[in-house]
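Colleague: I would like a close look at one part of this model. Please take me through a helix pair, step by step.

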Amino acid sequence: MSNEHDNLQVPEVLPLLPVRDVVIFPYMILPLFVGRTSSINAVNEALNKDRLMFLASQKDMDEESPTANGIHRVGCVAMIMRMNKLPDDGKIKILVQGLMKAEITEFTQEHPNFMVKIRKLIEPNCDDRSLESEALIRNVKALLEKVISMGKVLSPDILVVLDEISEPGRLADLVASNLGLKVDESQNILETLDPIARLRKVNDVLTREVEVLDMQQRIQSQAKDEMTKSQRDYFLREQMRAIRSELGDSDTKTEEVEELRGKINNSKMTDEAHRESLKQLKRLENMHSDSAEASIIRTYLDWMVELPWSKASEDTLDLKAAKTILDEDHFDLEKVKDRILDHLGVCKLKKSLRGPILCFVGPPGVGKTSLGKSIARTMGRKFVRMSLGGIKDESEIRGHRRTYVGAMPGRIIQSLRTAQANNPVIMLDEIDKLGMDYRGDPASALLEVLDPEQNNSFRDHYINLPVDLSNVMFICTANMLDTIPGPLRDRMEVISLSGYSLEDKLQIARRYLIPKQIKENGLAENDIEISDASLKSIIRGYTREAGLRNLEREIAAVCRKVARSKADTDTPFEAKKVSLKDIGKFLGPVKYLDDPVRDISEVGVATGLAWTSTGGETLTLESALVDGKGSIELTGQLGDVMKESARAALSYVKGRADELGLSKSFFSEHDLHLHFPAAAIPKDGPSAGVTIATTLVSLLTDIPVNRDVAMTGEVTLLGKVLPVGGIKEKILAAIRQDIFSIIMPKANEKDLVDLPKHIRSKIEVTLVQTMDEVLEKALTKKLPNFTGPKRMRRKHSTAISSTVQ
């Protein structure tokens with residue numbers, strides 16, 4: 001077969017453009033988007049010369065930077081007809097026309113673009129008038145027309161061009177380039193040089209395509225027949241329903257509709273909800289019972305009739321009985337009990353009262369969740385607990401929209417359905433652990449739920465009707481307030497639950513935990529007796545917590561040991577008195593050792609108080625003075641705020657160098673090292689300021705710090721002591737260490753009101769406003785040459801003024 005481009009002078013070396021998902025045939029015109037740097041360099045190389053380049057397909061379409069081994073050797077010489085630069089991503093668009101087949105004989109260059117030495121491929125001559133070639137040409141044309149008639153989308157001009165082509169090779173190339181074949185199939189056809197053999201392969205491809213299209217039409221016809229059958233079945237069912245109605249037989253769908261209508265009328269729902277329910281019921285009645293939408297409507301109506309629109313629990317308004325129940329269930333917690341009794345008192349005087357929205361904040365195990373259950377029991381209401389920890393999807397609160405099968409209401413509506421009352425006590429547990437992602441912010445969805453001004457018309461996406469939540473009593477629980485968003489925190493009445501003291505835990509263990517575990521382990525009340533000394537040993541040696549969970553586990557372990565002993569004996573069981581020796585035998589070695597007690601008052605060592613999410617802790621701060629250049633070293637895994645407190649305390653001490661009897665060059669010749677033990681535990685916060693300042697003064701004056709004193713407070717550069725948080729937890733931590741003399745800021749005096757009387761009677765609290773008062777109480781003897789704070793303030797004021805100027 002002759003080619004009109006055979007006489008074209010083609011250079012022996014051409015730039016190579018690897019193409020990913022297409023094979024270029026001679027006479028083929030198509031646009032290409034070029035984005036790879038090496039490919040753009042190849043295009044520029046061709047444009048700078050004779051616009052000719054060699055196009056070959058990659059063996060692996062996903063390979064971003066193909067090597068010589070990843071490119072097919074047979075390709076097509078092409079001419080760039082047009083080139084446009086795309087403005088956005090630096091790519092270029094070229095229009096190319098295939099000219100002739102060629103084969104790569106050598107890769108002469110790989111950077112910055114491929115350059116290849118090529119050899120033109122000359123097709124063998126064939127007799128265009130032979131019977132085989134004529135038959136193949138007619139068959140290919142007929143098959144192509146059939147493919148197009150069966151729905152294959154091809155270029156509309158291809159049939160016009162076919163009539164003008166009588167050469168087998170050119171016809172094969174034209175059809176193959178328009179069929180959208182896979183790269184491997186197209187490459188196989190391109191590499192076949194014999195025109196008759198190439199056309200035979202195209203004929204096979206077209207035959208297979210006709211078979212595929214025929215099968216596709218049969219599948220579509222079958223689906224259409226099934227649809228027609230479904231419609232016919234529907235009409236037959238309707239006829240059967242009419243026949244049953246004439247005969248007086250029962251109709252399942254009619255019975256279901258009438259049952260739902262009766263439930264709707266008896267549910268005492270709001271007028272708007274009643275109208276919407278009847279509307280959806282009418283749609284269900286006119287719908288085929290087997291359709292997917294009918295299932296969605298049926299589920300929606302089930303939710304509507306099962307919601308407690310007008311059902312409410314009757315509140316127990318006997319205040320004396322309520323107080324008795326609260327005292328039975330919980331020891332101490334007077335502030336919470338008073339708040340509940342106040343609410344009941346107001347309810348007794350005013351019937352329609354919005355439910356309070358409380359938030360219990362405290363360490364794990366202090367009784368937040370069980371307190372919610374007691375409140376529900378006290379008020380005679382249903383109790384439902386919702387765990388919010390880890391929730392990231394807003395639809396968990398507001399529900400899903402009824403746009404797909406499986407949609408359901410949010411947890412608020414589910415809780416009302418579970419309680420079967422519109423005034424339950426709903427506990428939103430772990431509200432400080434809500435998450436957020438692309439599906440929405442659950443904390444923002446809770447803003448409407450927990451707002452008394454808005455929750456009387458809460459709209460769930462699934463119900464899509466206003467639901468009154470104003471009678472619901474919401475109780476939230478959290479371990480810390482910091483992670484609760486401000487707008488959400490503003491809607492709640494926060495009540496803090498601190499940890500329990502040793503005496504509190506003894507009382508709670510006696511009243512609640514031991515009787516509970518005796519019952520759960522199958523023992524009788526007189527089968528076991530745990531002494532106070534044994535209980536104290538369990539509390540101090542086997543638990544280290546603000547709450548009671550681990551204490552209950554350890555008591556349960558003791559009860560199990562006694563239960564096993566009782567089960568193993570055949571003789572009458574004698575009551576087991578659990579001694580200190582038995583505790584070690586039952587529970588193993590002591591798990592927690594008390595912090596080392598300071599036997600003597602030492603120089604440069606002071607005891608501070610810290611707050612954690614699990615309660616209070618004591619910190620023994622140590623300091624050392626070494627020769628150096630005036631730097632300060634802080635160790636013990638301290639946070640930024642505590643580091644800043646240490647620097648502020650050091651500046652305060654430097655400002656009083658003269659009064660402490662230190663030379664001006666003292667700090668430039670010595671380094672200070674402050675160490676907080678338990679270095680594996682992160683520490684942060686400003687409340688260690690007074691402890692650090694006291695430690696430094698003790699170190700520099702060689703005066704010991706009283707070992708029986710613990711302190712807390714933030715210190716300023718002027719030596720003022722500012723208030724801090726977590727006072728109750730810190731005092732309980734000091735008592736655990738047998739420290740009963742506490743130094744704390746004067747501004748925290750209000751926090752002492754929350755301490756139980758039996759704790760207040762044990763401790764001696766020194767309220768301070770300046771570091772002078774702290775040092776006077778903490779150090780074992782008075783500072784020499786001490787002139788008081790006035791001179792100090794004057795010096796600092798001068799320094800500040802000069803800095804500002």
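Colleague: How do the axes of helix α17 and helix α19 cross, and which residues meet?

Modeller: Keep in mind that this is a predicted model. Start with the general idea. Two packed helices are described by the angle between their axes and by the distance between the axes. Now apply that here. Helix α17 covers residues 502-520, and helix α19 covers residues 549-568. Their axes come within 10 Å and cross at roughly 50°.

Next, the contacts. From α17 come K505, A509, L513, I514, K516, Q517 and I518. They meet L551, E552, I555, A556 and C559 in α19. Find these residues in the structure and you have the contact between the two helices.

Now the rings. The whole structure holds three aromatic pairs. One of them joins F666 and F667, edge-to-face. Their centres are 5.5 Å apart, with 90° between the planes. Edge-to-face needs over 60 degrees, so the 90° of this pair qualifies. F666 has 14%, so F666 counts as buried. F667 has 12%, so F667 is buried as well.

Finally, charges over rings. R170 lies over the face of Y27, 4.0 Å from the ring centre. The charged end of R417 sits over the ring of W303, at 4.0 Å from its centre.

Terms used:
Residues numbered from 1 in each chain as written. Predicted model: local features only at pLDDT ≥ 70, side-chain atom pairs only at ≥ 80, totals over all residues. Heavy atoms only, no water. Phe/Tyr/Trp six-rings, centres within 6.5 Å; stacked < 30°, edge-to-face > 60°. Buried < 20%, exposed > 50% of the residue type's maximum accessible area, 1.4 Å probe, protein only. Lys NZ or Arg CZ within 6 Å of the ring centre and 35° of its normal. Axes fitted to C-alpha atoms, helices over the stretch in contact; angles between N-to-C directions. Helix = DSSP H or I, 4+ residues; strand = E, 2+ residues; numbered from the N terminus. Contact = heavy atoms within 4.5 Å.
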